[in-house]
Amino acid sequence: MQLIEKLSVLADAAKYDVSCASSGAPKRSSKGRSGLGATDGMGICHSFTPDGRCVALLKILLTNFCLYDCQYCVNRRSSDVPRARFTPEEVVTLTLDFYRRNCISGLFLSSGIIRSADYTMEQLNRVAKLLREEHEFRGYIHLKTIPDADPQLIAEAGRYADRLSVNIELPTEASLIRLAPEKQVVTIKQAMHAIHEGETEAKAEKRAPRFAPAGQSTQMIVGADATDDSTILHTAQSLYGDFRLRRVYYSAFSPIPHSPKTVPFEAPPLLREHRLYQADFLMRSYGFKAGELLTGPGNLPLDIDPKLAWALSNREHFPVDLNSAEPALIARIPGIGILSAKRLVALRRQKRIRFEDLTRLRCSLEKAKPFVITQDYRPSLAYRESSALRRQLSEGPVQMGLW
Amino acid sequence: MLQVRFDGRFDGWREAARDLLHRGIAPHHVEWLAGDEAGGLFGGHVEPESIEPSSPVRIPRQLLAELETAARFRTADRWSLLYRILWRVAKGDQTARLVGDVDGSELHARIKTIRRETHHLHAFLRFSPITCPSGPDYAAWFEPAHDILTSAAPHFAERMGLHSWLIATPDDAVLWDGDVMHYANPCPAIWRQLAQTAQESGAELWKTYYESTFNPARLNRDVLQNNLPVRFWKNLPEGPLIPQLMSRARAGAQRDGQAERVATRPGKRIERPGQA
């Protein structure tokens, strides 16, 4: 098979994993040196596909041959898809060519499970080793870790890669047993633990070789089973806590050709995925707990964002006086982000905050209005019922897509 | 109105501004003329009365960096905004620098635009290999909306190791010879030609990757256009594919995620391990 044909099969096979970040790597430079590549901690999206996804890395599978039969996966062994396999050298050539053209910031390599978990992991490591040692490549490398692989191999992967990830795929053990019979929560968590240990050790000792300096991430598929958002967010919260994950990615289940009957045959719930990302961001950056965003079982509302939903069900904290409130509480006001909250605090050292200041900071005035007090403004809406406010602030009905 | 003519660069402006500040000339008395720009009708006749000649003022280094970044923003009043802010800060009004202020908000909006455009150049510029033996190894053509080339180009010296490369724009150009950065304004015709002709070569593999990594079941035009503005499409090898992929996705391939060129190939099931 020609390289270009392999590329089309193995890029297609990898696109269902939505993560593509290239951030968090330590600073590296090739200025005036042989080799290629730089990182500075900031991710660069080199292109965007018509599905709105960022292209930062060459994201491909080494092969889509796979012994596993995960029901949601297009590459499961019972799936009737064209199969292909790159040689490690081919992946290296593609990565370097795209990198020189400035199409990518690095490589995100994953693979179907062939022969054994160890063999598969060895092959992934071999690509990374070739890039780093033979070609002195200093760009970003993200390796997908095979959970059942020998810890020695995971340790080796951590020396070459900036980021490692193990996909948990489904948020509960029951779903995993039903939909991914060969995968086990235990081994997935063991692999996450091994990576976390590696990171901790490398950080503890100054001269220790680097170990996955951009940390680890994981992915959960949303909508392939009946799990609700509350379970998903609580799972994410415990992963952040237990293994210090940098990111949890939420991937709306995408219908695949010849779908088995065990998974839904429906268009992906993209808005649900979007709300989960918003909630996840609130947990990582604003200090919200999963239990605050969803107090019981169930899903996040689709018509309003999770921060507004929280504010509407916690009206006793509002309205907040921007001239005196704690910065953390200001950041919890709908329509005012962390950066604006910081800027408001800096500004109020110079003068009293007036409502028009929010306009200049480009806050979302519609959303913020009922929740703030400024020098010259008190909300008349403050005593209106939450349900009425919600009707006014919701994003309105959306026409369902036809397909 | 006092017409101040300078070379159109930040350092030139800074010299002139320092002098004006020292003479105590208020911003509303000054008309800035960069290069050979023609001045306004009432310009230049009267030397404005200086308000109060002041002793040398100290300007925070951070503010100078902010002003320099904002100066890259292409707009008619770029130099007068900078002088107004400088004037206010020199007179002790620190709010002029803050986002909550009328001038400060404009300053920060411009800085933000410049950062975004720099990011666009780092992201959407495409190098093509050059076969001509006397030319650099790689060349790229890029059309930035602001004057960001000199501050944005060093990024590629870090990325490209010992390769030499050239970036040409409709206005200026830089050549990195592997050691030193050469700047040219205006862009020499030969560089322009080199960059524009190189752009068409050999991106087949990249286009194939782009096509295959798109999931038609998740078509989302708004997010695409917010992040990859249409003005960049024409100079990207994948640009012409975008409308094609979108219309194909709408015409039915949206049912599932697989690309046509994969779906039409013969498939293969894998035997259960131990059963082969």
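The second largest cavity of this predicted model holds about 130 Å³ of space. A cavity here is, on a 1 Å grid over the protein atoms alone, a set of points where a 1.4 Å probe fits but cannot get out, and its lining residues have an atom within 4 Å of a point. Grid points are joined across faces, edges and corners, and a volume is the space filled by probe spheres set on the points. The lining of this cavity consists of 13 residues, and those closest to the centre are B:Pro216, B:Leu245, B:Arg248, B:Ala259 and B:Glu260. Two or more lining residues come from each of helix H8 (204–213), helix H10 (241–250) and helix H11 (260–263) of chain B; helices are DSSP runs of H or I with at least four residues, strands are runs of E with at least two, and both are numbered from the N terminus. H10(B) gives the most, with 3 residues. By class, the lining has 6 nonpolar, 2 polar and 5 charged residues. In this division Ala, Val, Leu, Ile, Met, Phe, Trp, Tyr, Cys and Pro are nonpolar, Asp, Glu, Lys and Arg are charged, and the others, Gly among them, are polar.

Residues are numbered from 1 along each chain as its sequence is written, and chains are lettered from A and ligands numbered from 1 in the order in which they are written. Local features need pLDDT of at least 70 and side-chain atom pairs count only at pLDDT 80 or more, while totals for chains, interfaces and linings use all residues; side-chain values use heavy atoms, with hydrogens and water left out.

The count of cavities of 30 Å³ or more is 7. The lining of the largest cavity divides into 20 nonpolar, 9 polar and 8 charged residues.

A:Cys70 has 8% relative accessibility and counts as buried, where buried means under 20% relative accessible area, exposed over 50% and partly exposed in between, with a 1.4 Å probe and protein chains only. A:Cys103 is in no disulfide either, and the nearest cysteine sulfur, in A:Cys20, is 13 Å away. A:Cys103 is buried as well, at a relative accessible area of 2%.

Some backbone details of chain A follow. A:Ala212, a residue other than glycine, has a positive phi near 35 degrees. A:Ala212 sits in the loop between helix H6 (185–204) and E7 of chain A and is buried, at 1% relative accessibility. A:Arg244 is not a glycine and yet has a positive phi of about 50 degrees. Its place is the loop between helix H7 (229–243) and E8 of chain A, and A:Arg244 is exposed, with a relative accessible area of 55%.

One runs from A:Phe318 to A:Pro319, with omega near -5 degrees, and A:Pro319 lies in the loop between helix H10 (306–313) and strand E9 (320–321) of chain A. Another runs from B:Asn185 to B:Pro186, with omega near 5 degrees; B:Pro186 lies in the loop between strand E7 (181–184) and helix H7 (189–198) of chain B.

Chain B as a whole has 11 helices and 7 strands. Its C-alpha atoms fill a box of roughly 95 × 50 × 40 Å along the principal axes. The radius of gyration of chain B is 26 Å, whereas a compact globule of 276 residues would have one near 19 Å; the radius is taken over C-alpha atoms, and the globule rule is 2.2 Å times the number of residues to the power 0.38. Of the 276 residues of chain B, 49% count as buried. Among contacts in chain B with a separation of 6 or more, 66% are between residues 24 or more positions apart, contact meaning heavy atoms within 4.5 Å.

B:Phe10 gives a local view of chain B. This residue is in helix H1 (residues 10–23) and is buried, with a relative accessible area of 10%. Leaving aside residues up to four places away in sequence, B:Phe10 touches B:Leu64, B:Leu67, B:Glu68, B:Ala71, B:Trp79 and B:Leu82. B:Phe10 and B:Leu82 are 72 residues apart in sequence and 10 Å apart in space, C-alpha to C-alpha.

Conventions: 1 Å grid on protein atoms, 1.4 Å probe; cavity = no way out; pocket = protein on both sides within 12 Å on 5 of 7 lines; lining within 4 Å. Disulfide = S-S within 2.5 Å.
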